[in-house]
Amino acid sequence: MERNVCVVAGGMSKWGVRDGSQRDFFQEAAKACYEDNPALNPKDIDGLLVASAYTERTSYQTHLAPLVAEYVGVKPKNICARVELLCASGSSAIILAFGLIKSGQADIVMVAGGEKLYTPQKWEIFYSELASVDHDWDGSQGLGLPPPVFAMVAKQHMKQYGTKKEHLAAVSVKNRRNSAKNPKAQFQNPVTMEEVMKARMIVAPLTLFDCCPITDGAAAIVLAVEDKARALTDKPLVYIRGTGQASLNNMSANMPSWTTWEALKIAANQAYTKAKVSPGDINVAMTHDCFTISEIIEMEDLGFCKKGEGGFFVADGQNDFGGKIPTNTDGGLLGCGHPFGGTGIRQGIEVARQLRGDAIQQVPNAALGLTHNLSGFIAAHTVLIYGREAV
Amino acid sequence: MSIPGINVLDGKYMITMDLFPQQSKEFNQIHPFYQYLREGRFTTTKCKACGAEPFPPRMMCPECFSTDMEWIDWPTVGTVIDVTEEVVGVPLGFGRAPLVHALVDLQGKKTFFVRIINCKEGELKAGDQVKLSVFEVDPVPQEVGREVVEIPRVFYAFEPLK
């Protein structure tokens, strides 16, 4: 018999420039997750996957999963390991937990992800990020920290499709407005179009509010096999319906295109096919808005609008509440911040809340939700589709 | 109070954190790339079995999986497609802002996104030509037997062709 996999609980620590250590944030996230569903007994969790990218570098800690298990009070017996795919570590761990439960290797798996990125000297993380790309060939060109990469993407997209700086700014205004209503988000204040347009230059055409920040924090979500999930909650069940993860290149010189993300199209197609849905069926999406231009290209390559029309689509409010596909309803990376291992889990939690009907800013009658992460030098893409019904 | 070992806040941190690749034969089997770089040559590996020229250079052909690879020279002059100038957030070790990068068509071999040096803000534009520029970087203190030997290193960027 087919084993369906459901989300049964989720919670986050406060995200931002935080006081505290990585292990502190994992406890805060677990506590919020347990409070989200008091019927869940953490002692019944039989698997733990921990997502963290910079744990060795900024927390000097490897073998992280048993440490997190000890601190959050779970005793896994089927899996207890860490997963790393930089910005997509969290969603990668959710995919793996899904596969383990579906195949019968585990019944209830916690996926916890997070980072302490700021060290006593803040410059260090900017420097450490040279490891995020191919260190020997791209990092050594000073391309670890991604603004130059996405500035070049934006310049090419503008040249090719007529995308405007105002289009980029519209993404930032929307996501900061959403994060201002999310108490866990890094940024609690909205920004105006004028403020975004006049903000200080980082790498032209990207100004300050086009770029997501560096963030400390963690998030945790619990997945369970359907019969156990049903016993744990009276709320509508949220099923994982389909997943895809693709990579076509790593070093920048091998990227097929700077403005069409071919690996994203492949990952999305895999997820849509397995979920038996099409882009037009999706009601709410959390996409990887590490930069404003990213969300614009993601609207196109996820199939929510035609290629090249992403800028006009977002400027027209089509990916806001009331539009075709409300996107980053909790504030996204631009508003919530981006502790790498935590991000995919935050997205999963927000989509689950939207589908359960108890999101802070609710999309009416949302039945199908999508999450997307990109990672590295736009080198891998990860897509999950959640639904209120099993496939 | 002095602390035994390397004082990480005393100018040694950069080396410990490896800004550039390890280039000695003990730590890198494609070390000839860096030897050729010293001679002003930009090289990669070509597969003798199927003729593929993958970049970065490597031990095994990603197309036919042969390990029979040879070193070949690639062009050292390319044409700028577009330019970015990072004015805030330049990582330590990459000089003062702006940190300039360009998308460079290396005569059809590959499109590289590379650092541009010896270039003033606003100087470079699409259509300009850039050439390979090799520079010395921090040596690595490497243990050789009981001695610690400073292993010299080089790296590359591109610069405007004047």
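pLDDT is the predictor's confidence in each residue, from 0 to 100. This is a predicted model, in which local features need pLDDT of at least 70, side-chain atom pairs count only at pLDDT 80 or more, and totals for chains, interfaces and linings use all residues. Residues are numbered from 1 along each chain as its sequence is written, while chains are lettered from A and ligands numbered from 1 in the order in which they are written.

**Exercise 1. Confidence**

State the average pLDDT of chain A and locate its lowest and highest confidence.

Solution. Chain A averages a pLDDT of 97, and 100% of the residues score at least 70. Confidence in chain A is lowest in helix 5 (residues 123–128), with a mean of 84. It is highest in strand 9 (residues 284–286) of chain A, at 99. Helices (H or I, at least four residues) and strands (E, at least two) are DSSP runs, numbered from the N terminus.

**Exercise 2. Domains of chain A**

Describe the domains of chain A and the side of domain 1 that touches domain 2.

Solution. Domain 1 comprises 5–121 + 215–238, and domain 2 comprises 144–212 + 242–387; such bounds come from an automatic or database domain assignment. The C-alpha centres of the two domains of chain A lie 23 Å apart. Their contact takes 36 residues from domain 1 and 34 residues from domain 2 of chain A, where two residues are in contact if their C-beta atoms, placed from the backbone, lie within 7 Å. On the domain 1 side, strand 1 (5–12), helix 4 (89–102), strand 4 (108–115) and strand 7 (217–225) of chain A each supply at least two residues. Helix 4 of chain A gives the most, with 7 residues. By class, this side of domain 1 has 21 nonpolar, 11 polar and 4 charged residues. Here Ala, Val, Leu, Ile, Met, Phe, Trp, Tyr, Cys and Pro count as nonpolar, Asp, Glu, Lys and Arg as charged, and the others, Gly among them, as polar.

**Exercise 3. Two helix pairs**

Characterise the packing of helix 6 with helix 11 of chain A, and of helix 1 with helix 3 of chain A.

Solution. Two packed helices are described by the angle between their axes and the distance between the axes. Axes are lines fitted to C-alpha atoms, for helices over the stretch in contact, and angles run from 0 to 180 degrees between N-to-C directions.

Step 1. Helix 6 (residues 147–161) and helix 11 (residues 292–301) of chain A pack at about 50 degrees, with their axes 9 Å apart. That angle makes helix 6 of chain A oblique to helix 11 of chain A (under 35 degrees counts as roughly parallel, over 145 as roughly antiparallel, 65 to 115 as roughly perpendicular and the rest as oblique). The crossing of helix 6 and helix 11 of chain A is left-handed (the near helix is turned anticlockwise from the far one by less than a right angle; clockwise is right-handed). A:Phe150, A:Val153, A:Ala154 and A:His157 in helix 6 meet A:Ile293, A:Ser294 and A:Ile297 in helix 11. This contact has 5 nonpolar, 2 polar and no charged residues.

Step 2. The axes of helix 1 (residues 22–36) and helix 3 (residues 64–72) of chain A come within 9 Å and cross at roughly 55 degrees. Helix 1 of chain A is therefore oblique to helix 3 of chain A. The crossing of helix 1 and helix 3 of chain A is right-handed.
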